[in-house]
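Let's take a walk through this fold, one piece at a time. Keep the viewer open and follow along.

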Amino acid sequence: MHCRHPSLKPPPSAAGLLAALVCAACGAAVPLRAAEEADSSSIRPYAQNPRFWQYKGRPVMLLGGSKDDNLFQIPDLEEHLDAIARAGGNYVRNTMSDRPDQGFEVYPFARLSDGKYDLAQWNDEYWRRFRRFLALTAERGIFVQIEVWDRFDYSRNNWDVHPYNPKNNINYSCAESGLAERYPDHPGANKQPFFFTTPAQRDNRVVLPHQQRFVDKLLSCALPHDHVLYCMDNETSGDEAWGAYWAQYIRDRAAAAGRRVCVTEMWDDWNLKSPVHRRTLDRPERYDFADVSQNNHQRGQTHWDNFQWARSRIAAQPRPINTVKTYGADGGRYGNTRDGIERWWRHLIGGAAAVRFHRPDSGEGLSAAAAASIRAARALERHVAWWELEPANELLSHRGPNAAYLAAAPGRMYALFFTDGGEVELDLSPHPGAFDLRWIDIAKGEPAGAARIAGGGRTRIAAPGPGFWAAAIVRSEAAGS
């Protein structure tokens with residue numbers, strides 16, 4: 001039966017998410033309205049250059065750094081968001097994780113007097129925190145990239161106390177659910193049946209309804225907002241079918257609520273050229289953007305080259321590429337602070353649509369160095385438009401290995417990054433006239449002097465000193481230039 005009430009529309013907010021699937025007047029199925037028509041304000045690929053993001057019709061560069069993964073649960077959330085905004089940050093990561101590793105986290109499900117959980121009842125505190133987080137980020141113009149599932153919640157010690165573990169809830173047994181009480185292996189082994197429940201996998205009709213109910217609740221909170229991106233997993237090694245199912249599930253629910261959402265998956269493989277990453281890069285009809293955070297395990301020229309390979313891979317149907325986790329911090333496991341800052345800036349100059357420092361101790365979070373980089377990038381942005389630039393290292397000569405990186409709109413504007421002082425020659429041969437060069441001290445996050453240089457040849461550009469530097473080189477507007 002089809003709905004014969006064409007004037008009826010799905011509700012504009014997710015408060016009526018489930019009701020949106022049927023007509024309130026006759027109970028018939030309502031054809032999903034084109035979300036593009038229903039929702040014109042939400043974050044989406046920029047119409048003029050879909051490698052970048054736009055919001056409310058205007059292009060926007062996403063820059064960030066934050067101190068936790070499941071940010072919505074931290075006790076000093078408002079103060080931390082204010083600090084991010086003061087630095088010029090507008091991009092955070094938020095896993096829907098709940099593992100109690102710092103003492104302040106809570107689970108989304110109600111706990112009964114006997115200590116067991118009821119997966120059919122909510123813990124209102126968890127969802128209150130999430131709604132507050134979405135409201136506070138919206139107020140500050142901070143975009144949120146949600147990760148729906150985090151594999152680390154469902155293995156080893158975290159699984160032992162988790163509500164989905166059959167021994168901890170009243171809703172199913174091990175025999176009924178196919179879930180065991182222990183999964184001692186690293187989640188990268190992909191042995192947890194929790195991630196095999198979808199119809200195209202093991203069609204687990206006991207556990208999947210609880211997972212669907214969780215996602216429906218998440219969407220009832222998130223879909224009223226237009227500043228949210230959706231990533232299915234944290235660095236998964238899982239089946240392609242798992243992420244594909246949830247991407248379509250979220251897309252369908254959003255469309256029914258009159259929302260257009262952008263979804264992706266994050267793969268664990270550190271090599272972007274691996275076939276695993278092509279599940280995202282080669283599927284524009286399924287994934288609206290790519291997250292290539294695991295490229296941040298690479299260093300130097302390889303880090304740059306692999307990212308450029310990914311950009312080239314999607315050239316026929318360009319989409320934003322985000323890096324929500326930039327690894328590297330002194331004392332961490334995945335490189336030092338120098339690695340972290342270099343990686344963040346290489347992706348920024350290399351054409352990423354969103355870059356964020358990962359939380360400590362695997363990343364800089366919102367350390368003084370991270371905040372300075374964000375401020376420096378915003379200072380650079382006052383002179384160049386990221387969405388008009390393309391990576392252009394070929395315009396540099398006398399460039400040492402991993403010494404300098406360039407993005408350009410040739411003849412109009414250039415963004416140059418030095419990893420540790422030094423000098424290069426910039427080919428301005430086809431572009432006679434004057435250019436204004438403005439230095440930005442990345443370590444301090446502030447402008448550091450200006451000069452006028454001549455085009456029409458190869459121009460030597462030397463950083464003011466050692467350390468990290470950025471430069472904006474823009475066609476002079478002075479008369480006669």
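The side chain of Arg259 comes within 2.8 Å of the backbone oxygen of Leu223, a polar contact (a pair of N or O atoms within 3.5 Å; within protein, one must be able to donate a hydrogen and the other to accept it, and residues adjacent in sequence count only if both atoms are side-chain atoms). Arg259 sits in the loop between α7 (240–256) and β10 (263–264); helices (H or I, at least four residues) and strands (E, at least two) are DSSP runs, numbered from the N terminus. At 13% relative accessibility, Arg259 is buried, where buried means under 20% relative accessible area, exposed over 50% and partly exposed in between (1.4 Å probe, protein chains only).

A word on what you're looking at: this is a predicted model, where local features need pLDDT of at least 70, side-chain atom pairs count only at pLDDT 80 or more, and totals for chains, interfaces and linings use all residues. Residues are numbered from 1 along each chain as its sequence is written, and side-chain values use heavy atoms, with hydrogens and water left out.

Now hop over to Gln54, in strand β2 (residues 53–55). Gln54 is buried too, at 9% relative accessible area, and its side chain reaches the backbone nitrogen of Ala47 at 2.9 Å. Beyond four places in sequence, its contacts (heavy atoms within 4.5 Å) include Ser42, Tyr46, Pro59 and Val60.

Next comes the open sheet of four strands, ordered β4-β13-β12-β11 with parallel pairing; strands pair if DSSP finds at least two bridges between them. At the edges are β4 (62–65) and β11 (290–291), each pairing on one side only. Inside, β12 and β13 (residues 354–357) share three bridges, and Thr326 stands opposite Phe357. Helix α10 packs on this sheet, touching β4, β12 and β13, and its direction makes about 170° with that of β13. Helix α11 (residues 368–381) also packs there, touching β4 and β13, at about 165° to β4. Those angles run from 0 to 180 degrees between N-to-C directions, with axes as lines fitted to C-alpha atoms, for helices over the stretch in contact.

Finally, look at α9 (residues 300–313). Its buried residues include His303, Trp304, Phe307 and Arg311, and among the elements covering the buried residues are α8 (278–281), β12 (321–326) and α10 (337–350).
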